[in-house]
Amino acid sequence: MGFANFYVSEIEPRFTTPFGSGVTAKIMIESLKARPQLTTMKLNSPVVKVKNTDDGVEVFYVENGIGKSAKAKKTIYAAQIPIAPNIIEGID
């Protein structure tokens, strides 16, 4: 059982700890912070929908209780994979 738990934990992506995939996320965040002219990061602003458009992507989020949206050519999805169909429009 211990082996099975270890094996599954190595297959499933992990995004919530500073270990495993969390190390990669931390490196990406630090890289983006070093280039503020290229990106805008929103903290404590949960995304409620991501919609692909002809020009790129539109991200709908909530900031301080107010619904907002942002458009970009590309976006990075960094949440658990099973949540993606609930957020990304048109993904199975």
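Begin by selecting strands β1 and β2, which form a hairpin with 4 residues between them, and then pick out Gly56 in the turn, where phi is positive at about 155°. Strands here are DSSP runs of E with at least two residues, helices are runs of H or I with at least four, and both are numbered from the N terminus. The model is a predicted one, in which local features need pLDDT of at least 70 and side-chain atom pairs count only at pLDDT 80 or more, while totals for chains, interfaces and linings use all residues. Residues are numbered from 1 along each chain as its sequence is written, and side-chain values use heavy atoms, with hydrogens and water left out.

Next, select residues 47-52, which are β1, and see that 5 bridges join this strand to β2 in an antiparallel arrangement (two strands pair if DSSP finds at least two bridges between them). Lys51 has Glu58 in β2 as its bridge partner.

Now select Val50, Val57, Val59, Ala84, Ile87 and Ile88, the 6 residues of the largest nonpolar core, a set of buried nonpolar residues (under 20% relative accessible area, with a 1.4 Å probe and protein chains only) joined through side-chain atoms within 4.5 Å. The elements giving two or more residues to this core are β2 (57-63) and α3 (84-87). Stay on Val50, and, leaving aside neighbours within four places in sequence, you will find Val50 in contact (heavy atoms within 4.5 Å) with residues including Thr75 and Glu89.

Finally, move to Ile29 in helix α2 (residues 21-33), which counts as partly exposed because its relative accessibility is 37%, partly exposed being the range between buried and exposed, the latter over 50%.
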